[in-house]
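Look at the sequence and the structure first, then read the points below.

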Amino acid sequence: MCHFFSFSKSNCCLAVMASVMTNKATSLLIFISILQGTQSVIIEHKTEVNAAVGQNISLPCIMSKEHPTIIQLQWHKEGEKGEQKLVVFNPSYTVLYYANHKLELVNETNTTELRGSILLLQEVTEKDSGNYVCDIASFPAGSIKTVTKVQVKVPEVSMKITSPERTVIEGDTVSITCVSDPPPDKYMLLSSRSQSIMESQDGKFTIQNITRHISDLICQPTWNSSNQHLQSLNATMYLTVDFLDNIECNSESQIQVETGTNLTITCDAMSSKSLRFVWMKDNMTVSSNASINLWSVSPDHSGIYTLFVHIENHNHLHRQKNFTVTVINKSYTVPQVTMDVTSPDRMVTEGDRMVTEGDNVQREHYMCLQYDVIELVTKTTEL
């Protein structure tokens with residue numbers, strides 16, 4: 001329902017009827033009522049139009065069914081360069097164009113009686129911004145004017161991460177907002193390295209458990225009917241997802257080593273950035289490298305060693321691994337000694353001469369150490 005408010009019987013009264021979308025250009029529809037005694041004329045026009053570069057927009061200037069006779073109508077533009085005449089029409093002549101625009105005449109239904117016109121602006125640019133004035137010379141109402149403010153903007157798409165409010169790490173839930181001017185019918189979010197495509201009407205997206213493989217995000221607005229020339233419009237965000245994999249080492253976590261030997265443990269981990277290593281034992285730092293070296297170990301080296309790994313300048317990505325080192329005493333084995341008797345070829349009796357290989361002595365004493373050291377002493381006789 002529209003309500004009219006009269007300011008004066010001889011003046012016009014304004015009524016805002018509706019907000020109209022034409023080719024996605026935002027506009028406000030206004031009716032102007034001209035009072036001349038008992039006769040009133042309502043003119044339909046748009047007070048404001050917001051459009052994107054490349055759009056087609058239409059500016060109506062049409063009188064109601066009860067209207068005075070149109071003698072002549074004219075469109076001109078008021079901009080930074082002053083007043084610029086665009087088109088003039090007189091029913092007795094053809095349309096005169098002064099700019100690259102089109103004029104669509106609107107007649108009374110089933111008659112040739114003129115009611116007004118529609119100015120068509122094709123593929124507008126930023127230079128088309130300005131105030132467009134429709135000037136109707138009528139009888140007996142006289143001159144009737146309407147003004148439409150046109151604002152043409154370069155279309156743009158932007159996107160930003162709304163959460164988390166820190167560096168993104170693998171496993172995070174990430175919220176992304178896409179904004180397009182002019183607004184599309186819907187938004188799509190995709191990645192060149194992922195096959196998944198998400199859709200949203202308001203441009204808000206949530207990615208659960210994000211991975212390192214999503215390195216770029218593309219916000220793609222889409223239009224179902226109008227603004228087809230904007231279908232290639234998109235925004236790309238290159239995303240860094242930090243990660244730190246599990247620690248991998250050249251040794252098991254339980255280590256036994258003999259006294260006097262050397263022990264080296266080397267570890268590493270896959271990550272998105274440089275790593276820092278800290279080895280701790282008994283709350284003391286024993287190494288700041290990826291490796292720890294224990295030389296000529298002793299029982300004092302026994303204990304629990306903890307390796308802490310974290311990404312530089314990042315408090316949310318860290319790993320740790322424990323190692324239990326046990327130092328044991330080195331064991332010794334008593335060597336075995338054997339002896340071969342070369343003569344005589346019978347049981348040895350007292351008085352025999354026993355000779356071992358390489359020996360030529362008058363008196364030999366032989367000793368054989370075996371296992372728990374069994375000592376054998378043989379008596380020799382003089383030759």
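Accessible areas are computed with the Shrake-Rupley method and a 1.4 Å probe, and for residues only the protein chains shown count as cover. By this method the accessible surface of the protein is about 23600 Å², with 49% of it belonging to carbon and sulfur atoms. The model is predicted: local features need pLDDT of at least 70, side-chain atom pairs count only at pLDDT 80 or more, and totals for chains, interfaces and linings use all residues. Residues are numbered from 1 along each chain as its sequence is written, and side-chain values use heavy atoms, with hydrogens and water left out.

**Overall fold**

- The protein has 26 strands and zero helices; both are DSSP runs numbered from the N terminus, with at least four residues (H or I) for a helix and at least two (E) for a strand.
- Of the 383 residues in the protein, 39% are buried; buried means under 20% relative accessible area, exposed means over 50%, and partly exposed lies in between (1.4 Å probe, protein chains only).
- Contacts (heavy atoms within 4.5 Å) with a separation of 6 or more come to 53% from residues 24 or more positions apart.

**Disulfides in general**

- A search of the whole structure gives two disulfides, a disulfide being a pair of cysteine sulfur atoms within 2.5 Å.
- Counting bonded cysteines along the chain, the disulfides follow the pattern 1-2, 3-4.

**Cys-61 and Cys-134**

- The sulfur atoms of Cys-61 and Cys-134 are 2.0 Å apart and form a disulfide.
- This pair links distant parts of the chain, 73 residues apart: Cys-61 is in strand β4 (residues 57-63) and Cys-134 is in strand β10 (residues 130-139).
- The link of Cys-61 and Cys-134 is left-handed, with -80° about the S-S bond.
- Cys-61 and Cys-134 are both buried.

**Cys-249 and Cys-267**

- Cys-249 is joined to Cys-267 by a disulfide, with 2.0 Å from S to S.
- Because Cys-249 lies in strand β19 (residues 248-249) and Cys-267 in strand β21 (residues 263-268), the pair ties together parts that are 18 residues apart in sequence.
- The link of Cys-249 and Cys-267 is right-handed, with 110° about the S-S bond.
- Cys-249 has a relative accessible area of 22%, so Cys-249 is partly exposed.
- Cys-267 has 2% relative accessibility and therefore counts as buried.

**Two further cysteines**

- Cys-178 has a relative accessible area of 1%, so Cys-178 is buried.
- Cys-219 is buried because its relative accessible area is 0%.
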